[in-house]
Amino acid sequence: MAERSTAAVDVAGNSGDEPLTAKADKATTDGLAEAQDTAEQSAADTGSERRDTEPGSTAPELHSGHRLARRYRLEECVTRLDGFSSWRAVDEKLRRAVGVHLLPADHPRARSVLAAARSAALLGDPRFVQVLDAVEEGDLVYVVHEWLPDAVELTTLLAAGPLEAHEAYQLVSQVSQAMAAAHREGLAHLRLTPGAVLRTSTGQYRIRGLAVNAALRGIRADRPQRTDTEAIGALLYAALTQRWPYESDAHGLSGLPKGVGLIAPDQVRAGIHRGLSELAMRALVNDGATASRQDPPCTTPDELSAAVAEMPRIRPPEPTFTAPPEYQRTTYQQGTYGRTQPGIGVTTPTPVTPPPPPLQSPTGKALKWTVAALLIAALGLGSWQVADRLLDGRGTPETTPTQTTTDDGDKPVKPVKPVKPLKIDGATEFMPEGSSIKPEQAANTVDGDNGTAWVTLQYFDYPNFGNLLKQGSGIVVDLGSVKDVSGLDIRMYRSGQKAEVLAADADASDPTSLADFSQRLTKLETVGSTLKTTLDKPLRTRYVLIHITELPQDGSANRFRGGISEIQITG
């Protein structure tokens with residue numbers, strides 16, 4: 001199943017003891033799931049956050065395959081809780097995965113959810129997961145938002161261990177700056193947990209559920225800036241220690257020992273960056289706890305962002321190189337070759353008298369003089385030939401031969417025409433079934449930079465694009481006009497892709513289907529990191545298709561991803 005990821009936006013599941021995927025099965029089989037919200041309870045203990053407790057309506061009973069507005073097809077129920085449900089869906093108009101929150105129109109929080117979603121959509125900050133639509137339709141209210149298949153929850157990252165100092169610095173810097181910008185526009189999060197923070201494949205942190213998370217759960221706060229600042233401090237604390245800074249366990253993390261209160265991160269685990277430890281304590285003002293030095297606490301995201309900016313920049317760790325093994329001398333190089341090893345019982349051989357130095361005998365001296373004379377003669381002959389050629393060629397204009405002959409001089413032979421790269425007018429994504437992947441990245445394959453690429457989405461269970469694109473996909477190269485193509489050099493995004501290269505007829509115009517590419521340049525086979533070929537006879541075409549039918553594994557046996565880095569056509 002394509003694009004199923006931990007980056008699915010799950011507002012309800014951001015605050016439970018169990019991970020989102022664990023709760024999803026329970027929600028779909030039992031209907032309504034109970035909220036096990038220890039993180040929220042911890043925040044409530046500070047007195048800055050409260051929840052509406054009015055009874056809610058029952059979540060509408062919808063099933064996979066249901067369509068909203070004849071556009072959004074529900075695929076999988078992620079969670080069903082507190083009268084609303086969250087789904088992974090497909091936008092059939094734009095052919096992309098999206099997330100959808102659903103609740104009845106008569107739900108007591110329906111109006112506030114719509115208002116929060118519309119306010120968050122107006123922010124337009126790319127550091128937040130974007131709200132795409134907020135609609136009231138009949139007896140339903142639904143909010144449509146981005147689905148990030150390449151992103152990973154902070155919860156998943158922390159399950160593998162604490163973050164190193166540079167990564168934790170990037171986390172608190174990016175999140176505090178983003179929340180400061182949101183509060184300047186009058187928007188608060190109030191549900192900022194490890195499940196609400198996503199790390200993309202480029203290292204950027206994105207926040208999901210701005211305003212909408214709290215509205216769906218009926219959460220309000222008297223001091224929203226303080227609530228969000230303490231939440232960022234808790235994220236930094238967890239990133240440094242792999243512990244939740246409260247007594248209760250939450251988000252897959254163990255809480256602090258009961259009765260000891262809030263202790264600094266560098267007292268929980270050795271080797272923690274001192275500046276980041278103090279910064280976490282300044283944000284986590286809990287029962288009077290502050291940093292060890294007398295710096296004022298940070299009570300707003302703006303203050304926390306400024307405190308991060310004042311810190312010395314934490315550089316990424318230097319790459320480590322494994323030292324080569326120490327060179328082992330052989331017994332010959334150690335000087336023991338031919339010697340009798342002690343204790344073997346063999347007598348030592350009689351020393352051999354060394355021979356005289358070479359070429360010191362009368363014969364040797366004669367040989368030296370003979371070789372020297374031959375060398376002098378050879379040098380003289382060579383110098384004479386060079387001078388003769390220079391004198392003969394003086395004043396003769398250079399000419400370019402137009403033809404060559406065979407050894408017997410019978411028939412003229414045409415010179416071999418040099419192969420040169422053809423100018424490429426453009427590149428587009430091959431979409432035979434009308435479904436696009438990442439068309440905006442198609443130009444990366446012809447920009448001359450091997451560091452950029454057209455990369456597919458991550459697909460699940462089936463290498464043939466998750467069994468969603470039966471005819472595959474790829475890149476169509478436009479040469480601008482009909483030209484003679486004699487070869488190609490293609491760098492693949494990764495090895496193991498099943499691909500072929502086809503060309504359209506010379507009279508073809510804007511080919512879009514697989515049948516339009518009738519000329520074959522290479523056979524369909526699994527290729528490595530490069531795909532090169534030289535044709536025996538050039539063919540004439542304007543459009544060349546690099547066609548991919550199956551993708552290699554992407555980190556696990558049931559995930560697949562591929563792509564193309566650079567394309568060069570020669571003629």
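Which residues of the largest nonpolar core touch the most other members?

## Nonpolar cores

In this predicted model, the largest nonpolar core has 64 residues, and those that touch the most other members are Leu171, Val175, Met179, Leu192, Val197 and Leu279. A nonpolar core is here a set of buried Ala, Val, Leu, Ile, Met, Phe, Trp, Tyr and Cys residues joined through side-chain atoms within 4.5 Å, where buried means under 20% relative accessible area, exposed means over 50% and partly exposed lies in between, with a 1.4 Å probe and protein chains only. Helix H7, residues 224-241, gives this core its largest share, nine residues.

Val175 touches Leu192, Val197, Ile207 and Ile232 when residues up to four places away in sequence are not counted; a contact means heavy atoms within 4.5 Å. Another core, of 32 residues, lies apart from the largest one, and among its members are Tyr459, Val501, Leu535 and Ile546. In soluble globular proteins, nonpolar side chains tend to be buried together.

## Basis of the values

Residues are numbered from 1 along each chain as its sequence is written, and side-chain values use heavy atoms, with hydrogens and water left out. Because the model is predicted, local features need pLDDT of at least 70 and side-chain atom pairs count only at pLDDT 80 or more, while totals for chains, interfaces and linings use all residues.

## The protein as a whole

The protein contains eleven helices and 25 strands, which are DSSP runs numbered from the N terminus, helices being H or I of at least four residues and strands E of at least two. Of its 571 residues, 45% are buried, and among contacts between residues at least 6 apart in sequence, 69% join residues at least 24 apart.

## An open sheet and its helix

Six strands, in the order E2-E3-E4-E5-E7-E6, form an open sheet with antiparallel pairing; two strands pair if DSSP finds at least two bridges between them. At the edges stand strand E2 (67-68) and strand E6 (131-137), each of which pairs on one side only.

Within this sheet, strand E4 (residues 84-91) and strand E5 (residues 96-104) are joined over seven bridges in the antiparallel sense, and Ser85 has Leu102 in E5 as its bridge partner. Helix H3 (residues 110-123) lies across E5, E6 and strand E7 (140-146), and runs at about 150° to E6; such angles run from 0 to 180 degrees between N-to-C directions, with axes as lines fitted to C-alpha atoms, for helices over the stretch in contact.

## Strand E25 and its partners

Strand E25 (residues 563-570) is mostly covered, since seven of its eight residues are buried. Strand E17 (residues 454-455) pairs with E25 in the antiparallel sense over two bridges, and Val455 stands opposite Gly563 in E25. Strand E19 (residues 473-492) also pairs with E25 in the antiparallel sense, over six bridges, with Gln568 in E25 as the bridge partner of Asp489.

## Two loop residues with positive phi

Most residues other than glycine have a negative phi. His251, in the loop between strand E12 (243-244) and strand E13 (254-255), has a positive phi near 60°, and this residue counts as buried because its relative accessibility is 6%. Phe465, in the loop between strand E18 (459-460) and E19, has a positive phi near 55°, and with a relative accessible area of 0% Phe465 is therefore buried.
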